[in-house]
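Have a look at the chain below, then read on.

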Amino acid sequence: DEWFSRGKKLPEDPGADTVDFPKRTTPAKGYELLFQPEVVRIYISLLKESKTPAILEASAGAIQNLCAGSWTYGRYIRSALRQEKGLSAIADLLSHDSERVVKAASGALRNLAVDLRNKELIGKHAIPNLVKNLPGGQQTPAKNLSEDTVVSILNTINEVIVDNLEAAKKLRETQGIEKLVLINKSGNRSEREVRAAALVLQTIWGYKELRKPLEKEGWKKSDFQVNLSNASRTQGGNSFDDSTL
């Protein structure tokens, strides 16, 4: 309780590219061992070196859980993952054959993107792999992923493109709009998937800089609207994925 109450609700610093873990006066013990710098490095090493899907899923899931919420160490770990070159290792898992690994990687990236510098990097390098996992489109047929995984990927995309125009542009360049509209209007996707896709479309249409280019490509305002009643309109910022694995 002392650790969590002392560490709640510190905002991310957009100007801080590095964050150092607090200096300890006594050795970590008990549950404190779960969120020390050494442990973060172990997770990253496992992500880079292991070939076992269960280990990859568990490592990405542990990172997802540690980065959920506004507590102090979540903020430090989001920064540490970037400093230790862990973002690319997690983004690479989006191409894994195991759906469980893909879902865990998506959840981890969503929570890591709360850090503004991470959001920028994930937008540049992970959007193409996220889009490839969405159903539909004219490229190589996408994987037949479950509703939960598709919704997780859509929520991650939305977290990354909120307040991130460059990521929204990257989404448009990688066939993302076509796939999102197809999910929204095809009639053969679940309500959860349609709501999640519609939220991403609403975020994209919110960028006035993108409207003319989109209209030139033949898209209309109606393509970015959803008719589902009570659809959630919460956008990014603190929409952590706090599910556990």
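Lysine 85 sits in the loop between helix H4 (72-83) and helix H5 (86-92); helices here are DSSP runs of H or I with at least four residues, strands are runs of E with at least two, and both are numbered from the N terminus. This is a predicted model, where local features need pLDDT of at least 70, side-chain atom pairs count only at pLDDT 80 or more, and totals for chains, interfaces and linings use all residues. Residues are numbered from 1 along each chain as its sequence is written, and side-chain values use heavy atoms, with hydrogens and water left out.

Back to the loops. Aspartate 163 lies in the one between H9 and H10.

| Residue | Phi | Relative accessible area |
|---|---|---|
| Lysine 85 | near 60° | 57%, exposed |
| Aspartate 163 | about 55° | 73%, exposed |

Phi is positive in lysine 85, a residue other than glycine, and aspartate 163 has a positive phi although it is not a glycine either.

Now for a helix pair. The axes of H9 (residues 147-161) and H10 (residues 165-173) come within 7 Å and cross at roughly 135°. An axis is a line fitted to C-alpha atoms over the stretch in contact, and angles run from 0 to 180 degrees between N-to-C directions. H9 and H10 are therefore oblique to each other, as angles under 35 degrees count as roughly parallel, over 145 as roughly antiparallel, 65 to 115 as roughly perpendicular and the rest as oblique.

Where they meet, Ile157, Val160 and Ile161 of H9 touch Ala167, Ala168 and Leu171 of H10, contact being heavy atoms within 4.5 Å. Threonine 156 is also in H9, and is buried, with a relative accessible area of 0%. Leaving out residues up to four places away in sequence, threonine 156 touches Ser106, Gly107, Leu109, Arg110 and Leu130.

Isoleucine 204 has its own set of partners: with residues up to four places away in sequence not counted, they include Ile161, Leu171 and Phe224.

Terms used
Buried means under 20% relative accessible area, exposed over 50%, partly exposed in between (1.4 Å probe, protein chains only).
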